[in-house]
Amino acid sequence: MNQINRVAVLGAGVMGATIAAHLANAGLEILLLDIVPKELDKKEEAQGLTLDSPAVRNRIAESGLKGMLKMKPAPFYLTDFAGQIDVGNFEDDLEKLKECDWIIEVVVEYMPIKLDLLKKLIPHLAPGAILTTNTSGLSVNEMSEVLPDDVRKNFLATHFFNPPRYMRLMELVPCKDTDPEVMKGLADFIARRLGKGIVYAKDTTNFIANRIGTYAIFKGIQHMTELGMTVEEVDAVAGPATARPKSAAFRTADLVGLDTLAHVATNSHDLLPDDEEREVFKLPDFIKTMIDKGQLGNKTRQGFYKKEMVEGKRKIFYLDYSSGEYVPLAKPKFPSLLAVKQVDDPGQKVKMVVSGSDKGAEFAWKSIRDTLIYAVNRIPEIADDVVNVDNAMRWGFNWEIGPFEMFDAIGVQNFVKRAEKDGVAVPENLKAVESFYRFNEAGTKEYYDLLKGEYVAVPVKEGQVQLEILKKGGKVVEKNANCSVIDLGDGVFGFEFHSKMNAISGDILTMTHKAIKRAENEGVGLVIGNRGANFSVGANLMMMAVAMAEGAYDDINMVLRAFQKATMAVKYAKVPVVTAPFNMTLGGGAEFCLHADSINAYAETYMGLVEIGVGLLPGGGGTKEMSMRAIELAQQYKTDVQPFIVKNFEQIAMAKVSMGATELAPMGYMRNGDSITMDIDQLITDAKQKVLALAVNYRPKRRAENLPAPGRGIASAIKSQLWNMKMGNFITEYEMEMGTIIAQVMCGGDVNPGTLISEDYLLKLERENFLKLAGNKKTAERIQHMLKRGKPLRN
C-alpha cells in the first residue's frame, strides 16, 4: 500500500466534516469537497457575488469547515489544525483527487447518489489510490459493481462512528474483490494514525455494531411494554448497572436521533427477510408518533427526554409512551441495582443484576438473554468470530464488556439452563461452550471459535505490551491490593495502579519506591501506566476528610510528606521513568506525570491540577513543579518570570483541565521530548520504547538548588488582580484567600525577587500552605458538601 499523506473527504455534512477534522488531528493534509449551491444566500446577494464566484461554489464545504470551529464536543484537538483542510466542490475540484492517497466518500446514505458520485470519481483517481465509502450499512459489493477492476481491488467500506474523534470503532468491510493486503495496510494505518479500534465486518445490512445495538434497544422496548415499565426505569437498568454506558437505551436514542435510529431499524427489517428476529425491528406506533411530532431527541430538544426550566431550575422529564405526555423523573430504585452500586467489575455487576428478583432484574435478564442469543446467531453472518463482535459493542456502543464477555460473566452453561427453563430456543453450538475466553497454560488469551469448535489465540499486534497477558503469564514481581510491579521485558518494569478509579493510596506511594528500586537494581527503566478506565483521578481524600474533621493535622502532614517523597523519587530515579497517562489524569495523577522524565500520553488525555475544587492546593509536588517550570523557562529565555508564573498560577487557581493531550504542551505539562500516542492499545508499548531510548544515554537529575525566587512583588501583583475580581463579584473572599496562598507558594514566599531558594524549600512551602488551607473552616464545609452529594473526593 502506498504511503498516505493526503486524503480527500467527499461530503462536508456533519459526518464528513468531523471525519476530515480527525484526519487533520492525525497530521494529514485534507481536501474537503461538497456540491455546488444552486442559489445564492442573502449574504452572497448583498456582496454582489454570483453562482460562478468561488466563495459561492465552495460555500457548503467552507460552511462545514467553519461549523467545526464552534462545535461541541470539539472535533479538532486544536482549532489551528483546521488550517490543514482545503475546501472545494465536486464540479471544479475532482481533478485534485489525483494528488490524494485515500479518498473517502461520505455523502448522503442513499445508494443512487453514492453510485453516481463513485462513477464520476473514476477518471480522477491516482493509480493505487484507496477509495472507501463511509456507509453505515449499504452494500459494499453493490457499490463496487460500478468500479473498474483496478479500482475495485482498492475499494472497501470504512465505517466511522459519530463523533469520529471520540468514538473508537472503525468497521472495515471489504467487497468481494478487495485486495487483502490493501485491507491489512489500511487497517494498520487507521489504528496507528487515527487511533481506531479495527473490527472486520461482512457486507450485511448495518454491519456489526448497529445490527446488534439496534436490536438490543428495540428488544428492550418490547420487554419494557410487556413488563409495564417506564422509559426511565429501563434506562436505570440498561446503563452502568449492567455494564452499558450512562446513556443506556433511550438516552442513546436521543443522542443518535430517533430518525436515524428508525432508519437503521427499518433497514434491518426491510433488508433482512431471513433474520429470525426480523419483527423486532418493526417501529412501534409510539415511536412513529414521536417522529411525526418532531420529537427526534437532542437535535430537537425533545425525544424520550426533555429539559425545561421550572421555577428557575432546570428539570428533566421523560416521555410516558402510553399517554404521549412528559412526566417528571421518578428516580427508580430497584434493589438489584442498589446492590451493585459499589461494585466496579462490569462482569460481576451483570451477573448480580440478572440474578435479582425485582422487576428491574427481570428486565435485565430478559433483554440481555435475547441480545446474547441474537449475537450468537449472527456468527458467521456478520462476523467470523466473537472477538470482532465484542470489540464492536465496546468501541461502538461504549459497552464495558461485549455480549460474549457477558456470557462468561453469567456463566455460559448457567445461561443455557436458565434460558431453556424460560422456554427460549438456545443455539446448539452454545451448549458445547464452557467459556468464550480463557488463558491457556502459557498465559496466552484464547477465544472460542464457534465455527471451528475450538479455542484460538486472540490476535495481538506484533510487539504489543499487554498487561493482562503479562500478569497471567507470571510477570508480576511485586503487588498489593492497589498496585503491581510487572516485568515488561527488555529490562523495563511497569508500575500499574489498579485501585478504585486508580486513586492514589498510601500503599501506592509505598510501592512507588519499591518499583523504582527494582528498575534501578534489575533493569534499565520504569513505565508508570495501566489499562483502567482512567490513568488516575488523583488521591482519594476520604481519609484526609476524616483527619481534617478530627483536627489530625500531623497525620495529614505525614501523608503529604509521603506523597512528595514518592513523586520526588520518580523525578530523581537513577533510571528513566516514563508515564503513560490517558483519559482522566487529575490531581495526584497529574503530579506523578509532572515528575517523570517523559510523558507518553494517549491523545485523549484530560489532565489538570484540580485540587482547588475542594479548597486545597496541589500538595504532591504539583505547585512546586509548576513554579519551577516557570522559573526554568524564564532562565532559558533570559526574560521576566512573571508571565510564566501567572500562566501556571491560573491553571492551578482555575483548575484547568486539558481537553486532549495536544493541549498539554501549551499548558506547560508536556515538554520537548514528550509524545502522544493515537492508538491506546500501543500506549504502554510506546512508553516502553521511550524508556529504552532514554536509557541509552541517561543522566540522572540532581535536586534543584539556587533557584531565583519570583518574589513577593509578583505575588502582590496576582493578589491585586484577585482583589479586583473580588470587588467585581467574580470571586468570593474565600476564593481570593485560596488564590493568594497559591500565588505565595509559587513565588517562593515572602522574599525578594531573585532570592536563591531550593526545590526542598518549595516543597516545604507547599506542605505548610496545604495544611493552612486544610484548616480553613470553609474548606471542611466544601468537602463535607461534596461528600453529602456523593461526589468522589480527588486530589
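Visitor: Why are α26 and α29 called oblique to each other?
Guide: This is a predicted model, where local features need pLDDT of at least 70, side-chain atom pairs count only at pLDDT 80 or more, and totals for chains, interfaces and linings use all residues. Residues are numbered from 1 along each chain as its sequence is written, and side-chain values use heavy atoms, with hydrogens and water left out. The axes of helix α26 (residues 642-653) and helix α29 (residues 733-746) cross at roughly 135 degrees and come within 10 Å. Angles under 35 degrees count as roughly parallel, over 145 as roughly antiparallel, 65 to 115 as roughly perpendicular, and the rest as oblique. α26 and α29 are therefore oblique.

Visitor: What makes a line an axis here?
Guide: Axes are lines fitted to C-alpha atoms, for helices over the stretch in contact, and angles run from 0 to 180 degrees between N-to-C directions.

Visitor: Which residues make the contact of α26 and α29?
Guide: From α26 come Ile645, Asn648, Phe649 and Ile652; from α29 come Gly739, Ile742, Ala743 and Met746. Contact means heavy atoms within 4.5 Å.

Visitor: How do the residues of the contact of α26 with α29 divide: what is nonpolar, polar or charged?
Guide: They divide into 6 nonpolar, 2 polar and no charged. Ala, Val, Leu, Ile, Met, Phe, Trp, Tyr, Cys and Pro count as nonpolar, Asp, Glu, Lys and Arg as charged, and the others, Gly among them, as polar.

Visitor: What makes α15 roughly perpendicular to α16?
Guide: The axes of helix α15 (residues 346-354) and helix α16 (residues 359-377) cross at roughly 115 degrees and come within 8 Å. That makes α15 roughly perpendicular to α16. Val350, Val353 and Val354 in α15 meet Ala361, Ala364, Trp365 and Ile368 in α16. By class, this contact has 7 nonpolar, no polar and no charged residues.

Visitor: How many helices and strands does the protein have?
Guide: The protein has 31 helices and 25 strands. Helices (H or I, at least four residues) and strands (E, at least two) are DSSP runs, numbered from the N terminus.

Visitor: How do you know that the protein agrees with a compact globule?
Guide: With 795 residues, a compact globule would have a radius of gyration near 28 Å, and the protein has 28 Å, which agrees. The radius is taken over C-alpha atoms, and the globule rule is 2.2 Å times the number of residues to the power 0.38. Along its principal axes the C-alpha trace spans about 80 × 70 × 65 Å.

Visitor: Why does Phe207 count as buried?
Guide: Buried means under 20% relative accessible area, exposed over 50%, and partly exposed in between (1.4 Å probe, protein chains only). Phe207 has 0% relative accessibility, so Phe207 counts as buried. Of the 795 residues of the protein, 56% count as buried. Phe207 sits in the loop between β8 (197-200) and α9 (209-227). Phe207 is not a glycine, yet has a positive phi of about 55 degrees.

Visitor: What makes Ala780 partly exposed?
Guide: Ala780 has a relative accessible area of 30%, so Ala780 is partly exposed. Ala780 belongs to helix α31 (residues 777-788). Ala780 and Val614 are 166 residues apart along the chain, with 8.5 Å between their C-alpha atoms.

Visitor: Where is the cis peptide bond that has an omega of about 10 degrees?
Guide: That bond joins Ile379 and Pro380. Pro380 lies in the loop between α16 and α17 (386-396).
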